[in-house]
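Please walk me through this structure in the viewer. Tell me what to select at each stop and what is there.

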Amino acid sequence: MAPATTDDGRDSYVRFVEAHQHRLLRAAYLICGNRHQAEDLLQDALLKLALRWPAVRDGDPAAYVRAILYRDAVSWWRRRRREWLAAYPPERAARDRDGELRLALHAALGQLPPRQRAVLVLRYFEDLTETATAEALGVTVGTVKSQCHAALRRLREVAPELGREDGLPSGMEVNP
């Protein structure tokens with residue numbers, strides 16, 4: 001008689017984490033803008049996932065983790081509204097257009113309210129639909145649309161250099 005094995009889900013949880021941790025860490029970093037905070041945010045989210053793994057594993061655990069990431073990030077912002085300090089000033093030694101655009105986008109995202117920032121990251125980085133974004137944030141689809149529109153308008157105001165010089169659509173335009 002073969003020994004009975006109990007599948008407590010540890011192996012499937014470990015496989016999920018190994019397969020998704022890098023993408024989830026990038027999303028966490030884009031949301032909070034700080035590597036160490038992103039790692040802490042993801043670690044907390046993965047712990048919450050582990051506690052609910054048996055109930056979540058047959059659904060979409062990545063969506064569950066994303067929802068935790070965005071909600072916890074917003075909670076953190078509400079608890080700690082303070083200035084972000086950088087270890088080094090952003091100096092530009094050489095003309096690096098891509099690097100300049102990345103810095104401009106990072107700075108512009110930092111000027112958005114947490115919900116607008118989360119909507120942009122979910123819609124354009126995570127490539128989620130409006131419906132999936134609404135579910136992840138626990139809001140309506142209409143709220144996602146209005147927050148996205150307001151966020152893109154604000155980005156154009158605070159960082160006009162993000163506009164494409166060649167006149168081609170960038171995919172982040174909305175009708176004014």
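## Stop one: the aromatic pairs

Across the whole structure, a search finds two aromatic pairs. The model you have open is predicted.

Select Tyr-13 and Trp-53. Their rings form an edge-to-face pair, 5.5 Å centre to centre, with 75° between the planes. Why does this pair tie together parts that are 40 residues apart in sequence? Tyr-13 lies in helix α1 and Trp-53 in helix α2, so the pair links those parts. Tyr-13 and Trp-53 are both buried.

Phe-16 and Trp-53 form a tilted pair, at 5.6 Å centre to centre and 40° between the planes. Phe-16 lies in helix α1 and Trp-53 in helix α2, so this pair ties together parts that are 37 residues apart in sequence. Phe-16 is buried, as is Trp-53.

Now show the three residues together. Ring pairs link Tyr-13, Phe-16 and Trp-53 into a cluster.

## Stop two: charges over rings

Select Arg-23 and Phe-125. The charged end of Arg-23 sits over the ring of Phe-125, 5.7 Å from its centre.

Next, select Arg-123 and Tyr-124. Arg-123 lies over the face of Tyr-124, and the distance to the ring centre is 5.9 Å.

## Stop three: the nonpolar core

Which residues touch the most other members of the largest nonpolar core? Select Leu-49, Val-65, Leu-69, Tyr-70 and Leu-120 to see them. The core holds 46 residues. At least two residues come from each of α1 (10-32), α2 (35-56), α3 (61-79), α4 (97-110), α5 (114-125), α6 (130-137) and α7 (141-158). Colour α3 for the largest share of this core, 10 residues.

Zoom in on Leu-120. Setting aside neighbours within four places in sequence, Leu-120 is in contact with Leu-109, Leu-112, Phe-125, Cys-148, Ala-151, Leu-152 and Leu-155. Phe-125 is the residue whose ring lies under the charged end of Arg-23.

## Stop four: the whole chain

Zoom out and switch to cartoon view. How many helices and strands does the chain have? There are seven helices and zero strands. From the N terminus on, the elements run α-α-α-α-α-α-α.

Colour by burial. Of the 176 residues in the chain, 35% are buried.

Finish with the surface. The chain exposes about 11,800 Å². Carbon and sulfur atoms supply 52% of that area.

Methods: Residues are numbered from 1 along each chain as its sequence is written. This is a predicted model: local features need pLDDT of at least 70, side-chain atom pairs count only at pLDDT 80 or more; totals for chains, interfaces and linings use all residues. Side-chain values use heavy atoms; hydrogens and water are left out. Helices (H or I, at least four residues) and strands (E, at least two) are DSSP runs, numbered from the N terminus. Buried means under 20% relative accessible area, exposed over 50%, partly exposed in between (1.4 Å probe, protein chains only). Accessible areas come from the Shrake-Rupley method with a 1.4 Å probe; for residues, only the protein chains shown count as cover. A nonpolar core is a set of buried Ala, Val, Leu, Ile, Met, Phe, Trp, Tyr and Cys residues joined through side-chain atoms within 4.5 Å. Contact means heavy atoms within 4.5 Å. Rings of Phe, Tyr and Trp (its six-membered ring) pair if their centres lie within 6.5 Å; planes under 30 degrees apart count as stacked, over 60 as edge-to-face and the rest as tilted. A charge sits over a ring if NZ of Lys or CZ of Arg is within 6 Å of the ring centre and within 35 degrees of the ring normal.
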